Amino acid sequence: MPKLQQLTARETIQKIQGNEATAEECVHAVFETIHKLEDKINAYVTLIEGEALKKAKQIDRKISEGKPVGKLAGVAIAVKDAICTQRIPTTCSSRMLKNFVPPYDATVIERIKKEDGVIIGKTNMDEFAMGSSTETSHFGPTRNPWDLSRVPGGSSGGSAACIATDEAMLSLGTDTGGSIRCPASYCSVVGLKPTYGLVSRYGLIAYANSLEQIGPMAKDVYDCALFLTIIAGYDPKDGTSVNVAPKDYTQFLKDSAEGLKIGVPREFFGEGTSDAVEKQVWKGINKLEELGATYEETSLPSLEYSLAAYYIVAMSEASSNLARYDGLRYGYRVDKDDGDWATIYSQNRRIGFGTEVKRRIILGTYALSAGYYSKYYLKALRVRTLIRRNFEEAFKKFDVLIGPTMPFPPFKMGEKIEDPLALYMSDVDTVAANLAGLPAISIPCGFTKGLPVGMQIMASPLKEELILQAAYTFEQNTSYGRRKPAVK
Amino acid sequence: MKKNHLSKKEVEHIAWLAHIELSDQEKLLFTKQFNEILDYFKKIDEVDTEGIEPTYHVLNLENVSRKDKTKPSLPTKEALRNAPKKEKKFIKAPRIV
């Protein structure tokens, strides 16, 4: 029989509600794993064991008194440290916010609490979500559970690693250019970037606000659909939130690919894609064909420009969003009172920010500066429109588009960190979904030399159900997602 | 030889605009890296975007507003809790003029 920490969120809920286990036992079991593995993995920045166990006991009391409990009652949930949690430190893995304790909860946190989810800690990430390897964290890198000498992907590396190792049942990540899907692929878990505007960003520490979304990370597709159902929904506190009727995404999970029309854009298998990844993803597409889907190769020519357009937009927005870190209202402040405002401000930011964050703020400042605005930022936004149109055309013909999540398997720690452009290139297949605002999922689709490969499935805006059903069908008919890393 | 987009002096100027003090070593490193990255960004120059509208919001939401109503907000003590330097009910700022 599997141990409690090895269960999925759905199985945990069933066990607790069927009185086969208490919420306290379930949360305690997860902490047992955390204590065993954290030295090696470093998935968390902050753990709140006492508080989590207290919350679990409250849930058990409610159940024993016959009172109703929420849909996530007793499920141990990890939250990326870019999302504000009341009275729990929220650092963005930056020295700048090392001592920041938010006075309020993000909307997604309110929604989790309302359903009795048990928040157990805050997960490690690339500093301010800027990276694809979780190596830029001020608190040290997270390691890939499948091979501790390799990166877990990023920027939500902690949120992916903790799911792969049973150090959490569910986790929240954020995805600006692939930051949920990349680590999901590298750690062999399920990670979904929702349609832009579907999940409230209120309380998410902004990096590039026209691109980023909070999304669910989970052990399987059902858990992912369940978690999305809880966190999605209109929020008047977020001006970019879309007001659409809520859906129960678990209702769409049918084991059938009958009639599903798949497009396979050849741009997703471009230069730099490893043969092993290409082979494994094609095996996945063929599997779906076997299960009743049809596929056709296609081309979205503007995808070739998505990486450059993405980095211009992301850096520009970052330079504006991160201007708020002056070290006055919150954040790192040098301990001196002499000196003018500009000097102190510049010193706070020199010490508070790491190298990659500085790089992006300064380049973004350049891209927005007088004389360069239309050459870089405005031009990138126009290219963005062309990319959206390419997708709109494609989705007239296809239900979903499929390709690799990452062009190559997890790389060695330290391998790319000294060469920013080489690291940016690893986002080549994920950024387009952010530019176009589309929903996209990464699911486990095999291994190469013991390292995970992820398959990416995308659909039109607000058609999460299509990718979830395709992903569910694939998962039900393969065993990749059930394989677990032996951490050593 | 490839034309450089940015000199070290220009990097210094932009860093000043962004209010980030840089060490000399960082200035040299960033100048080299920025030129490599900007060289890659040149790729989008190839795209013909004549007459194409820029995308600001992917679902085309525009001018989202709400009623201007007061609601309970954070008490002063809470709002000041994270400020590194404060005095009474104020955040202590460095000299501005």
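This report describes the two chains of a predicted model, their contact with each other and a few of their residues.

**The two chains**

Chain A contains 15 helices and 11 strands, and its radius of gyration of 21 Å is close to the 23 Å that the globule rule gives for 488 residues, so chain A is as compact as a globular protein of that length. Contacts in chain A with a separation of 6 or more are made, for 77% of them, by residues 24 or more positions apart.

Chain B has three helices and two strands, which follow one another along the sequence in the pattern α-α-α-β-β. The radius of gyration of chain B, 23 Å, is well over the 13 Å that the globule rule gives for 97 residues, so chain B is more spread out than a compact globule. The table sets out values for each chain, with the box taken along the principal axes in both cases.

| Chain A | 488 residues | 21 Å | 65 × 55 × 45 Å | 61% |

**Where the chains meet**

The contact between the chains involves 55 residues of chain A and 41 residues of chain B. On the side of chain A that touches chain B, the elements that give two or more residues are H9, helix H10 (341–352), helix H11 (355–368), helix H12 (374–397) and helix H13 (420–425) of chain A. The largest share of this side, 11 residues, is that of H12(A). Sorted by class, the side of chain A that touches chain B is made up of 31 nonpolar, 13 polar and 11 charged residues.

Two helices of chain B can be followed into this contact. In helix H1 of chain B (residues 8–17), the residues B:Val11, B:Ile14 and B:Ala15 are buried. The buried residues of H1(B) fall within an arc of 100° when seen down the axis, so they line one face of the helix. These buried residues pack against H11 of chain A together with helix H2 (24–41) of chain B. After H1(B) comes B:His19, which has a positive phi, near 55°.

In soluble globular proteins, nonpolar side chains tend to be buried together. In this model the largest nonpolar core has 168 residues, of which A:Ile77, A:Ile312 and A:Val400 touch the most other members. Helix H9 of chain A (residues 306–321) gives the most to this core, with 10 residues.

**Two buried residues of chain A**

A:Leu170 is found in strand S4 of chain A (residues 170–175) and is buried, because 28 other C-beta atoms lie within 10 Å, where 20 or more are required. Neighbours within four places in sequence aside, A:Leu170 is in contact with A:Ala9, A:Val75, A:Ile77, A:Pro216, A:Ala218, A:Asp223 and A:Phe227; among them, A:Ile77 is also one of the residues that touch the most other members of the largest nonpolar core. Between A:Leu170 and A:Glu393 there are 223 residues of separation in sequence and 35 Å in space, C-alpha to C-alpha.

A:Ala160 lies in helix H5 of chain A (residues 157–164) and is likewise buried, with 36 other C-beta atoms within 10 Å. Its contacts beyond four places in sequence include A:Pro152, A:Pro183, A:Tyr186, A:Cys187 and A:Met217. The C-alpha atoms of A:Ala160 and A:Met217 are separated by 6.8 Å, although these residues are 57 residues apart along the chain.

Conventions: Residues are numbered from 1 along each chain as its sequence is written. Chains are lettered from A and ligands numbered from 1 in the order in which they are written. This is a predicted model: local features need pLDDT of at least 70, side-chain atom pairs count only at pLDDT 80 or more; totals for chains, interfaces and linings use all residues. A nonpolar core is a set of buried Ala, Val, Leu, Ile, Met, Phe, Trp, Tyr and Cys residues joined through C-beta atoms within 7 Å. A residue is buried if 20 or more other C-beta atoms lie within 10 Å of its own, exposed if 12 or fewer, and partly exposed in between; C-beta atoms are placed from the backbone. Helices (H or I, at least four residues) and strands (E, at least two) are DSSP runs, numbered from the N terminus. Two residues are in contact if their C-beta atoms, placed from the backbone, lie within 7 Å. Ala, Val, Leu, Ile, Met, Phe, Trp, Tyr, Cys and Pro count as nonpolar, Asp, Glu, Lys and Arg as charged, and the others, Gly among them, as polar. The arc is that of the directions from the helix axis to the C-beta atoms. The radius of gyration is taken over C-alpha atoms; the globule rule is 2.2 Å times the number of residues to the power 0.38.
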